[in-house]
Amino acid sequence: MSPKKVFIALAALLTISACGQPVGNGKTTDDAGANSPYGFTTAAQKDGELLVWVDSTRLDAAKAYQAAHPDAKLDIVTYDGNANGSNTLKTKVQLFDKAKAGWPDVAFTTDNNTAAWASQPSSGFTAPLNKGYLDQATLDGFAKGALDPCTVDGTVYCLRNDLAHVVLWYNKKLLDQFGYTVPATWEEYTALGARVAAEHPGYIIGTAGDAWAPEVYMWGSECPANQVTGAKAITVKATDAKCARAASMLDTLIANKTMSTLSLFGADFAKTQGDKVLMLPGPNWYGGAVFQGTIKTPAGEIGVAPALKWADQPAPVTGNVGGGAWWVSSHSEHLDAAKDFVTWVTTNDAYQAELAPGYPAYSAAAVKWLAKQQASGYWAGDIGAPITAAAGAVWPGWGAPEFSPESVWAKTVIPGMTAGKTVTSLLPDWQKAIEQEAQVFGYTVTK
Amino acid sequence: MRSVTSGGRRFGPAPGHLFVSGYVVLLVAFGIGPALYALYLAFTTNMGYWAGIDNFTKTFADFRFLPAVGHVAAYLVLWLVSLTVLVVTLALVVHSVRNRVAGSALRFLYYIPGALAGASSVLLWLFVLDPSVSPVAWLLSAFDLQTFNQVIAPGNLPLIFTVIAFWTGAGSWIVVLYGALNTIPHEVIEAARMDGASALTTALRVQLPMLRKWIAYMLILSLAGGTQLFVEPQLVSQASFGVVGTDYSVNQLAYLYAFNQNDFNGSAALSIILLIFSVACAALFVARGRLFDVD
């Protein structure tokens, strides 16, 4: 064989072996690589800092973990938590996928859309958690349905941080003062809105200025605008009667000015309407984030009522506004440390019961969290029963597709509302925008 | 004595080549190289096979493409026209200021905003544009704009981005054009005055034609920057919690293709379209502005 031929043969061999190399590290021992007992191909494990991505609210969780584990080496990075359809995590992960380096070991997200893309073979960023990596006992400790947004085809890809089911928040002091009773149905709620408008103008009974308004009002109304029926199939019926009734309610209340169209966390709201909140249908995390955080309502005024229902519903069904989740990278070189971290922040009382602003997804912590909330003396009356009841009432017909339905609402409906159009008149636009967005991501759309 | 010259020419690289070499290296590394890579991606599939014009037809058919082109076009028209008119006017005004101190002070004042980096100046504007915190809330109120969402209504955005871009970018162009005005020989201006030309006539008939190259140069660079509109809508989108979509401009759409849909080939096709458009416009400005004519 001439040197030239040897060279060509070697080059060909190299090319073939390069193509055949498995994803991940080439080195396979009994408990690493493709043979790992975790159900996914692991990277070579090393010592080093655990790279953790959290949003600013969950920075406390990472700090609490560090405080409880002084020897743990953490590199904590704060980012926007993928909130409001920003897709920051997805953007970065796709870049890391290209570069084949840089992934965080653990990431927190506030959205429910991550499992749909990150579990797909094209990315494979998220590690399966129930294939040997985490104990079944840990997973079983989460509330019923809590891990649904984490689950694709029976594989669990994340641990829920908190549940974000909707309840009815109300200012007991003001309601008593005005002589109103807490409504039980959306119909009564709408009627009360008309009375408030006439008798106490300026006070509001809800807000619809945020991207998650459809999750509060449309989801709770069983509006079939976002039914994910398969890995790449979605049914969108945004002009259905059940969507129209919620839209019409919003229009009535926006018209009589008892429904605010400001963003809860924008600078305007706290300044102009912060002390005018009579009622506020919204997720359980409003308690900490809105009443104690943004608008700083004094103690002893705010109570919680069961989630509202429509008159024809036998029992309330509610929406779900976020409810964060923790993800472990399948590329992590510190899987043991990552496992310890995600298990601790989701289940340990030191964070979930003591510090967490929202209702813990881990059942044992949730009981203690509620007890602590109750003992704080901030709330007017019992908040435990209605929040616990609503936790199991999230309507399962609203899915978690790869794109964010919140961002579709934000850019289609909110500008229209700002321009003075009714939500009812914007429903066809919303329908079209969801369809188009779904098609961009390769979904088959059923109307 | 060792001879280093032959026929009046030095051996080895001329100083001119040495001076541009740094630029050439960076141009190849960050301009030509990535452009060639984009060209390769634009005509291949994600598996690396020949894709013909599939990536282009796919992006043209995308429901977000035409609106994004419309947004950028509206912005470019507003911006380039206002930039040209206002920058030239202001440069002429500053140049005609006889007082040395006042002239320098004005130039410095115009230049300050340009010293702020792009993203931070947009953040500054986000505060200016939010009526609840804006120092010029009374002005916004005069236009019946009470909330941030009203300010960033879709119809207002091209104007808003123009104002931001003008505020951040125009100052340095005023200084450049002021410098260009200084290169016009004093005798020429003097002769015009002797012939009875007013300041306005001098500006229109003498100074403007002699500034033509510089204006063309400004337009080329501003157009290239303007077609790549990205930071402004991206930050406004975040600040408005998504009310302004992340698909406002063509460049944002390319970003979404690459990092949201994991479609780097479609993203490359969009980049190539932008490149072709910018190069064509630049060629037009070079020809019309006689940029490379030697006097």
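Me: Which residue of S14(A) is the bridge partner of A:Val106?

Reply: In this predicted model, the bridge partner of A:Val106 in S14(A) is A:Val328. Strand S3 (residues 106–109) of chain A and strand S14 (residues 325–328) of chain A pair in the antiparallel sense over four bridges, where two strands pair if DSSP finds at least two bridges between them, and strands are DSSP runs (E, at least two residues), numbered from the N terminus, as are helices (H or I, at least four residues).

Me: And how are the residues numbered and the chains lettered?

Reply: Residues are numbered from 1 along each chain as its sequence is written, and chains are lettered from A and ligands numbered from 1 in the order in which they are written. As this is a predicted model, local features need pLDDT of at least 70 and side-chain atom pairs count only at pLDDT 80 or more, while totals for chains, interfaces and linings use all residues.

Me: Are the faces of S14(A) covered or open?

Reply: Both are covered, with A:Ala325 and A:Trp327 on one side, A:Trp326 and A:Val328 on the other, and all of them buried; a residue is buried if 20 or more other C-beta atoms, placed from the backbone, lie within 10 Å of its own, exposed if 12 or fewer, and partly exposed in between. S14(A) is also joined to S6(A) by three bridges, and these two strands run antiparallel, with A:Trp326 as the bridge partner of A:Leu159.

Me: What order do the strands of that sheet have?

Reply: The order is S2-S1-S3-S14-S6 (chain A), in an open sheet of five strands with mixed pairing. S2 and strand S6 (158–160) of chain A are the edge strands, each pairing on one side only. Neighbouring strands of this sheet are turned by 20° against each other on average, direction ignored, where axes are lines fitted to C-alpha atoms, for helices over the stretch in contact, and angles run from 0 to 180 degrees between N-to-C directions.

Me: Why is S1(A) called largely enclosed?

Reply: Strand S1 (residues 50–54) of chain A has five of its five residues buried, so it is largely enclosed by the rest of the structure. A:Leu50, A:Val52 and A:Val54 point one way from S1(A), whereas A:Leu51 and A:Trp53 point the other way.

Me: Which strands does S1(A) pair with?

Reply: S1(A) pairs with strand S2 (residues 74–78) of chain A in the parallel sense over five bridges, and A:Thr78 is the bridge partner of A:Val54. Two bridges join S1(A) to S3(A), again running parallel, and there A:Ala107 is the bridge partner of A:Trp53.

Me: Where does H2(A) lie?

Reply: H2(A) lies across S1 and S2 of chain A, running at about 170° to S2(A), and contact here means C-beta atoms, placed from the backbone, within 7 Å.

Me: Switching to chain B, how confident is the prediction there?

Reply: The mean pLDDT of chain B is 86, and 95% of its residues reach 70 or more, pLDDT being the predictor's confidence in each residue, from 0 to 100. Over residues 1–7 of chain B pLDDT stays under 50, and the model has three contacts beyond four places in sequence for them.

Me: And what does the model score for ipTM and pTM?

Reply: The scores are ipTM 0.77 and pTM 0.81.

Terms used: Two residues are in contact if their C-beta atoms, placed from the backbone, lie within 7 Å.
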